[in-house]
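Me: I have just opened this entry and would like to understand the words used to describe it. Could you take me through them, one label at a time?

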Amino acid sequence: MLLRLLLLGGALGVAAEQAAPLAFTMLQLTRVYMGNSMFRGNASLNGQLSHVLEGNNVTQVLPLESPDAWAQRREVVIDYLKTFRQLVQIFNKERPIKFTQHLRCHLGCRLYPNGTTQSFYEVTLNRTAFLSFHVPNATWERRWPGDLPVAIFAQEQLMKYPITTQDLQYFLNTTCVSLLQTQSARTGKVSGRSHTPLVLGLVLGSLVLLGMALGIFLCTGGSC
């Protein structure tokens, strides 16, 4: 009887492991205070840490690209972060904010064993649900309770540009999923071809953060 229970437990464990979805996720945290911005974040592919964002530095943890190729792509992200920080400083001069703002962006996709997929992009502001991206029809939806002017303004701004609508939809619904399908075909081994969507995700996530900053700094202290 004990042997049967052990065998059953092992079989259930294997089945649960096989049923677990493959996943690519990315987390970006931005702290804004008195015109200063601090960045933290990471990206992971099927549970393996692939990139780390700390301040103005982006590090490739997994060797997904050659040193020369990664150096070029890394500069793209760093240039954006510098631009973002400069914009925040400009907005702060116009509309000073004396309290800390915390932005959290969580995005990614999952591929289940039966072939179904799930993509998501969620944004929180000061630990409260703020906005989410509805991937099937490429629309931003407000999650903040009540009619917060900054949420309305940020939603309108994000809906204006292809980079934060159609391009983001394509990344989450197609590029991200294709990456996982490739990994699934390679029995979960990380492929050298996976670097493009990872870096693209970092850039898209940063551009969405720009929309958040515009909403916060233009709406705080006045009407949108």
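**Salt bridges and other labels**

Reply: Happy to. By the cut-off rule for such pairs, there are two salt bridges. Please keep in mind that this is a predicted model.

Me: What makes the pair Glu 75 and Arg 74 a salt bridge?

Reply: The closest N and O atoms of Glu 75 and Arg 74 are 3.8 Å apart. The rule asks for a side-chain nitrogen of Lys or Arg within 4 Å of a carboxyl oxygen of Asp or Glu, so the pair qualifies.

Me: And which residue forms a salt bridge with Arg 143?

Reply: That is Glu 141, with the closest N and O atoms 2.8 Å apart.

Me: Why are Arg 143 and Glu 141 called partly exposed?

Reply: Buried means under 20% relative accessible area and exposed means over 50%. Arg 143 has 45%, so it is partly exposed. Glu 141 has 26%, so the label is partly exposed here too. In the other pair, Glu 75 is partly exposed at 36%, and Arg 74 is partly exposed at 24%.

Me: How do you know that Ser 119 counts as buried?

Reply: Its relative accessibility is 18%, and the cut-off is under 20%, so Ser 119 counts as buried. Ser 119 lies in strand S6, residues 117–125.

Me: What surrounds Ser 119?

Reply: Leaving aside neighbours within four places in sequence, Ser 119 is in contact with Gly 108, Cys 109, Val 135, Leu 172, Asn 173 and Val 177. A polar atom of the Ser 119 side chain lies 2.7 Å from the backbone oxygen of Leu 172.

Me: Is His 134 buried or partly exposed?

Reply: His 134 has a relative accessible area of 32%, which falls between the 20% and 50% limits, so it is partly exposed. This residue lies in strand S7. Setting aside neighbours within four places in sequence, His 134 is in contact with Thr 139 and Glu 141. The C-alpha atoms of His 134 and Phe 120 are separated by 7.4 Å, with the two residues 14 apart along the chain.

Me: What makes S6 and S7 a pair of strands?

Reply: Pairing requires at least two bridges, and four bridges join S6 to S7, so they pair. S6 and S7 run antiparallel, and Val 123 stands opposite Leu 131 in S7. The two strands form a hairpin with two residues between them, and Asn 126 in the turn has a positive phi of about 50°.

Me: How do you know that S7 also pairs with S8?

Reply: Four bridges join S7 to S8, residues 139–142, and at least two are required, so these strands pair as well. Leu 131 has Arg 142 as its bridge partner in S8. This hairpin has four residues between its strands, and Ala 138 in the turn has a positive phi of about 55°.

Me: Where do these strands sit in the sheet?

Reply: They belong to an open sheet of eight strands in the order S4-S3-S2-S1-S5-S6-S7-S8, with antiparallel pairing.

Me: Why are S4 and S8 called edge strands?

Reply: Each of them pairs on one side only. From one strand to the next, the twist averages 15°.

Me: What joins S5 to S6?

Reply: Nine bridges join these antiparallel strands.

Me: Why is helix H3 described as mostly covered?

Reply: Seven of the ten residues in H3 (149–158) are buried; among them are Val 150, Phe 153 and Leu 158. H3 lies across S7 and S8, running at about 20° to S7.

Me: Which residues touch the most other members of the largest nonpolar core?

Reply: Of its 30 residues, these are Phe 24, Tyr 121, Phe 130, Phe 133, Trp 140 and Leu 172. H4 supplies the largest share of this core, seven residues. A second, separate core has ten residues, including Phe 39, Leu 53, Val 77 and Val 88.

Terms used
Residues are numbered from 1 along each chain as its sequence is written. This is a predicted model: local features need pLDDT of at least 70, side-chain atom pairs count only at pLDDT 80 or more; totals for chains, interfaces and linings use all residues. Side-chain values use heavy atoms; hydrogens and water are left out. Buried means under 20% relative accessible area, exposed over 50%, partly exposed in between (1.4 Å probe, protein chains only). A polar contact is a pair of N or O atoms within 3.5 Å; within protein, one must be able to donate a hydrogen and the other to accept it, and residues adjacent in sequence count only if both atoms are side-chain atoms. Contact means heavy atoms within 4.5 Å. A nonpolar core is a set of buried Ala, Val, Leu, Ile, Met, Phe, Trp, Tyr and Cys residues joined through side-chain atoms within 4.5 Å. Axes are lines fitted to C-alpha atoms, for helices over the stretch in contact, and angles run from 0 to 180 degrees between N-to-C directions.
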